[in-house]
Amino acid sequence: MNYKTDFANGTTTVEVTGRFTFGDHSSFRKLIEEVRGHGSSTLVLDISGVDFIDSAGLGMLLLARDEGEKSNTNVILRGARGQVKRMLEVARFDTLFQLEN
């Protein structure tokens with residue numbers, strides 16, 4: 001997993017690329033800490049560049065959601081496609097997150 005963050009107008013956008021798996025747990029935790037420091041009201045996780053996600057990756061998205069709830073930050077998942085989109089559908093993430101194309 002690679003990522004790039006951008007902060008503007010109270011929104012942090014994180015572009016995530018590559019594979020999003022168990023091995024990315026420590027990197028993702030660092031990302032969450034970084035984003036928390038922005039004090040954003042909205043966090044957009046642009047996952048259009050993610051070509052594979054496993055159950056641990058889904059768990060990390062839930063971690064982001066939980067951290068968002070603690071700080072009143074709305075977490076949006078944007079651009080899921082292919083296998084990632086199917087995993088989000090099977091896991092019913094549409095009931096937990098705002099999903100954008």
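Here is a walk through the fold, starting with the sheet and ending in a loop. This is a predicted model, so local features need pLDDT of at least 70 and side-chain atom pairs count only at pLDDT 80 or more, while totals for chains, interfaces and linings use all residues. Residues are numbered from 1 along each chain as its sequence is written, and side-chain values use heavy atoms, with hydrogens and water left out.

Let's begin with the sheet. Five strands make an open sheet in the order 1-2-3-4-5, with mixed pairing; helices (H or I, at least four residues) and strands (E, at least two) are DSSP runs, numbered from the N terminus, and two strands pair if DSSP finds at least two bridges between them. Strands 1 and 5 sit at the edges with a single partner strand each, so one side of each has no neighbour in the sheet. From one strand to the next, the twist averages 20°; axes here are lines fitted to C-alpha atoms, for helices over the stretch in contact, and angles run from 0 to 180 degrees between N-to-C directions.

Now follow the chain. Strand 1 and strand 2 pair in the antiparallel sense over seven bridges, and they form a hairpin with two residues between them. In that turn, Asn 9 has a positive phi of about 55°. Phe 7 stands opposite Thr 12 in strand 2, and Thr 12 in turn stands opposite Leu 43 in strand 3. Strands 2 and 3 run parallel, joined by nine bridges. To get from strand 2 to strand 3 the chain passes through helix 1, and this β-α-β crossover is right-handed (with the strands pointing away from the viewer, the path from the first strand over the helix to the second runs clockwise).

Phe 28, Leu 31, Ile 32 and Val 35 are its buried residues, where buried means under 20% relative accessible area, exposed over 50%, and partly exposed in between (1.4 Å probe, protein chains only). They cover an arc of only 100° around the axis, which puts them on the same side of helix 1; the arc is that of the directions from the helix axis to the C-beta atoms. Their cover includes strand 1, strand 2, strand 3 and helix 2. Helix 1 lies across strands 1, 2 and 3, at about 5° to strand 1. Helix 2 also packs on the sheet, touching strands 2, 3 and 4 (contact means heavy atoms within 4.5 Å), and its direction makes about 180° with that of strand 3.

Strand 3 and strand 4 pair in the parallel sense over five bridges, and Asp 46 has Arg 78 in strand 4 as its bridge partner. In helix 3 (residues 82-90), Gln 83, Val 84 and Leu 88 are buried. These fall within an arc of 135° seen down the axis, so they line one face of the helix. Strand 3, helix 2 and strand 4 are among what covers them.

After helix 3 comes Arg 92, with a positive phi near 60°. Phe 93 lies in the loop between helix 3 and strand 5. Is Phe 93 buried or exposed? At 4% relative accessibility, it counts as buried. Its contacts include Leu 58, Leu 61, Leu 62 and Leu 99. Leu 61 is 32 residues away from Phe 93 in sequence, yet their C-alpha atoms are 9.5 Å apart.

Technical notes
Lists of a residue's contacts leave out its neighbours within four places in sequence.
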